[in-house]
Every structure is written in structure tokens, then in C-alpha cells.
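Subject: Structure handover

Hello,

Here is the structure for your files. My notes on its side-chain contacts follow below.

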Amino acid sequence: MHPSLSTTASPAAAAFDESDLVRLLTPDGRRVEHPDAAWSGSEDDLLALHRDMVLTRRIDTEGYALQRHGELGLWPPSLGQEAVQVGTARALRPHDMAFPTYRDHGVTWVRGVPPERLLGLYRGSEQGGWDPAEHGVALPAIIIGAQTLHAAGYAMGVLMDEAVGHDDAAKDAAVAVYLGDGATSQGDTLEALSWAASFTLPVVFVIENNQYAISTPTNRPGGVPLVRRADGFGIPGVRVDGNDVLACRAVMETALQRARDGRGPTLIEAVTFRRGAHTTSDDPTRYRESAEEEYWEARDPIARVRALLDATGSHAEALAALDAEADALGEHLRAACRAVPDPDLADLFDRMYVESTPELQEQREAVLAWRALGDEEAAR
């Protein structure tokens, strides 16, 4: 057993209760069973989940490095949270809809969003990012908890379209919304849960409990497990090992199917850890100890899947190809980021409003005049 897996190895280990977690893969990579969840995928399925997590981590690593080189204005790292994002997103069907936060790079990757579009957002060059309808995933929400209301409203639309309860995989749809532990203290989240429960909305709330709301530990607001918030709204709640991609996929599949069947919302608390900073403007060494980071590093979501793969057979060729794919992705992202054109400020007025106003037209003309002046000076 890794020293940090001992229940007495560190204060973090001693304080953390894992007794009620749904888990199918132990921290050292052994398959276990759980009475309320099942995963029966093939080795190819396991390799696919591993690939998604490895490439998600590479996107995150490149985003962090690009910000440090001044190419991005900001980057919110997702290091350590790959399993909950990839596992739950892989349970979605193409016509389901996801509402992510700013840290859910794995969700957007799984939904097929080109990762360079994320870089455009954090470079300040994108005036949107992508078409949510094309990929089945909304733009990342920066305002804490705002996406919960967006998801509840979208789920109300799904219900009014009568797109649930037909036992028809091609017709029934569900909605997933991702939020951090800090967002559970926001009024928006409580309103969204209330609406979802009151109208039996087809929505799954995925709380990525990464232990810190910026610098505030999760146990500060009352010390009650977040999954118990579900009790107050009379909806099911599940607490899952957020670093176990198999368990995350299994509980999400059950919750989504419940939503598609017309039986209403579910709240999932995925217990994980943000191993990096809150954003690149943050210094986590000021509010947490290295022992806690070491404890969670020993629960790395990619390492435990890799351990299972190593135990089930030889995958040397596939893993070598994945390393090369990750390196190629990194090179692509660096080149794509530097090739993003500067945004046209005047274009903002054409895209933001359906109908303009005299004041906005005046501002747009001022922008055009300022740009023309710059062009003249450049031509001299």
C-alpha cells in the first residue's frame, strides 16, 4: 500500500471519509464491485477512457504553460479532475445537453469541441467559442452557479417538448450540469434544484467536489457532505469516488437514464481534488499543506486506470501511440493559440444584439473611426 493511502498517514487522510463512496476501481488500480453501480466495458472501452483522460490532461498542461508564457490571459487548471469529467461526459448521448463550468476541459473534449476554441476564450479572442447545439455542450460559465439555472431552464424546455419518458433512446433526452463545491453555496444553485425537484425536470447535477472553493475548504460551510443537499429537495443523491472514471460513468448512466425516463433530477457529489491552483492567478501553497496534495496524488485518476491496464495485459503499442498523439496535440495547441487572430471590436456590436440602438450605433461608429485612424497611421 502506498504510504499516503494509510488512514493515519496524514491529517487529510485521517479526516477523509470514503465509507459511502461508490467505487469500482481502487486507488491502486484493482477492480471492485458495488451493489449500486456496474461497469462491464471491454478493454478497448477502458483504453478509450484512459485516452480521453490523458489528452484532457495534455490540454490542461498546455493551457497552463501558454498562460505562463503570456499567450493567455487566464487558465483554470483541471489537473486531478479528469475522471469525473470524462466519465460522466462519456455517459451522455449526442442529443443530451451539458452545461459546464470554466474548469471542465474534459467535458468539452468528450463532446467534440476543438480544444483550441477553449484557448481562444482564455486568450480573449473569441466572442463566443462554439455553437452549443452543434456539440451538445454550452459555453463554460464563469459566473459561479449561473449554469445551474441555464440547465434547469433547458430541462424545462426538454420537458415541454415531451422529449422524455418514451423508452426510446433516439427521442428521450437529458441534461447535465457541472458545478464546483463552492457553487452549492450560491442562491442560483438552490433555485435550480428547487425548480428541478418541483417540476421533475430531466437534469443531473454533477458537483465536482475538489475540496476547495478557491481557498475555502469544503468542510467550512457546515461540514455536511454535499450529497445531503439532495435530501432537502426530495431528490436522489449519490456520492461517488470522483477519481474513479468507471464509477463516475456508471452512476452518471443511471442518473441520466432516470432523467430520460421522466423520473426527475439526481444530484451526484463526485469527491475529487484540484491538484493545481484555482486559476493561474492563485497560489494554493498559501492555504493547503503538501501532505494533502501527496494524499491525493496517490489517488491520481489516470494512474489507477493505467495500473489496471498493466494488470490486464500488454498495451505497450497503444500506450506508445497515445504518448505520440498527446505530443502532437500539444504542438497543435501551441501553434493554434499563436495563430488566433485578434478580435474585431466592431464585430462585437453585430453579434451581441439582435436589434441595435442609436447609442450602440454611435459607439460602433466610434470604434470604426478609431480603427481607421490606426490603419492610416500604419500605412504611413
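**Charged contacts**

A network of salt bridges links Glu 18, Arg 23, Asp 241, Arg 299 and Arg 304. Please keep in mind that this is a predicted model. Over the whole structure, the search finds 27 salt bridges. Three further pairs are described here one by one.

In the pair formed by Asp 300 and Arg 57, the closest N and O atoms are 2.7 Å apart. Asp 300 and Arg 57 are both buried.

Glu 269 and Arg 239 also meet through their side chains in a salt bridge, at 3.1 Å from N to O. Here the link is between two strands: Glu 269 is in β7 (residues 266-271) and Arg 239 in β6 (residues 237-241), 30 residues apart. Glu 269 is buried, as is Arg 239.

The salt bridge between Glu 293 and Arg 288 has an N to O distance of 3.0 Å. Are its two residues buried or partly exposed? Glu 293 has a relative accessible area of 25%, so it is partly exposed. Arg 288 counts as buried because its relative accessibility is 6%, and the cut-off for buried is under 20%.

**Aromatic contacts**

There are six aromatic pairs in the structure. One of them joins Trp 75 and Tyr 122 in an edge-to-face arrangement, with 5.4 Å from centre to centre and 75° between the planes. Distant parts of the chain are linked by this pair: Trp 75 lies in the loop between α2 and α3 (82-89), while Tyr 122 is in helix α5 (residues 115-123), 47 residues apart. Both Trp 75 and Tyr 122 are buried.

The ring centres of Tyr 212 and Tyr 287 are 5.4 Å apart and the planes are at 50°, so this pair is tilted. Tyr 212 is in strand β4 (residues 212-213) and Tyr 287 in the loop between β7 and α11, which puts the partners 75 residues apart and links distant parts of the chain. With a relative accessible area of 8%, Tyr 212 is buried.

Finally, Phe 273, Tyr 295 and Trp 296 are joined into a cluster by ring pairs.

Regards

Conventions: Residues are numbered from 1 along each chain as its sequence is written. This is a predicted model: local features need pLDDT of at least 70, side-chain atom pairs count only at pLDDT 80 or more; totals for chains, interfaces and linings use all residues. Side-chain values use heavy atoms; hydrogens and water are left out. A salt bridge is a side-chain nitrogen of Lys or Arg within 4 Å of a carboxyl oxygen of Asp or Glu. Buried means under 20% relative accessible area, exposed over 50%, partly exposed in between (1.4 Å probe, protein chains only). Helices (H or I, at least four residues) and strands (E, at least two) are DSSP runs, numbered from the N terminus. Rings of Phe, Tyr and Trp (its six-membered ring) pair if their centres lie within 6.5 Å; planes under 30 degrees apart count as stacked, over 60 as edge-to-face and the rest as tilted.
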